[in-house]
Amino acid sequence: MNKVTFAIIKPDAVKNNHTGKIYDHILKSGFKVLSAKLIKMSKNQAQNFYLIHKDKPFYNELTDFMSSGKCMVLTLEKNNAVNEWRETIGSTNPNDANEGTIRKLYATSLGENAVHGSDSDENAKKEIAFFFSESELI
Ligand code: CMP
């Protein structure tokens with residue numbers, strides 16, 4: 001499974017009309033899109049997706065934001081996908097992100113940071129299964 005990772009183009013980026021530019025950035029970075037769909041998470045869905053952060057002080061803010069509008073969820077394929085995608089998006093805080101990374105280009109703050117990426121192969125598998133059925137992975 002180290003060929004796939006899970007990504008979200010978050011509500012801030014969709015609202016600011018950056019979806020197309022980020023999708024293009026994904027393809028130009030050598031990823032294949034195995035699945036993609038536009039969704040709006042419920043608060044409950046966002047809480048379950050980010051359950052790992054439930055004890056963090058920003059959990060409520062994070063799940064409010066992630067359920068505030070449309071986002072695009074994607075399954076991406078590339079060798080060493082998890083690490084490659086994390087390199088492509090840059091640091092969680094856009095102030096620390098390298099030039100040319102997606103967060104440097106499109107994120108506005110630590111909370112509204114344009115994109116999500118899985119942090120391990122194990123979590124990538126769980127996160128893909130959270131949003132996609134087998135038949136949607138093409
Ligand atoms: P993401 O990669 O989606 O994983 C968890 C998210 O929590 C992270 O991106 C940030 O957007 C968000 N986050 C992390 N730290 C903070 C914080 N201190 N305040 C608000 N949001 C945060």
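**Close-up views of the predicted chain**

View 1. Of the 138 residues in the protein chain, 46% are buried (under 20% relative accessible area, 1.4 Å probe, protein chains only). The model is predicted: local features need pLDDT of at least 70, side-chain atom pairs count only at pLDDT 80 or more, and totals for chains, interfaces and linings use all residues. Residues are numbered from 1 along each chain as its sequence is written, and side-chain values use heavy atoms, with hydrogens and water left out.

**View 2. Order of elements.** The protein chain holds 7 helices and 4 strands (DSSP runs: H or I of at least four residues, E of at least two, numbered from the N terminus). Their order from the N terminus is β-α-α-β-α-α-β-α-α-β-α.

**View 3. The largest nonpolar core.** This core has 18 residues (buried Ala, Val, Leu, Ile, Met, Phe, Trp, Tyr and Cys joined through side-chain atoms within 4.5 Å). F6, I8, M41, M66, V73 and F131 have the most contacts inside it. Two or more residues each come from β1 (4–9), β2 (32–40), α3 (43–49), α4 (59–66), β3 (70–77) and α7 (121–131). The largest share, 4 residues, is from α4.

**View 4. Around M41.** Contact means heavy atoms within 4.5 Å. Neighbours within four places in sequence aside, M41 touches I8, A46, M66, S67, C71 and F131.

**View 5. The second core.** A separate core of 17 residues includes A13, M72, W85 and I102.

Notes: Buried means under 20% relative accessible area, exposed over 50%, partly exposed in between (1.4 Å probe, protein chains only).
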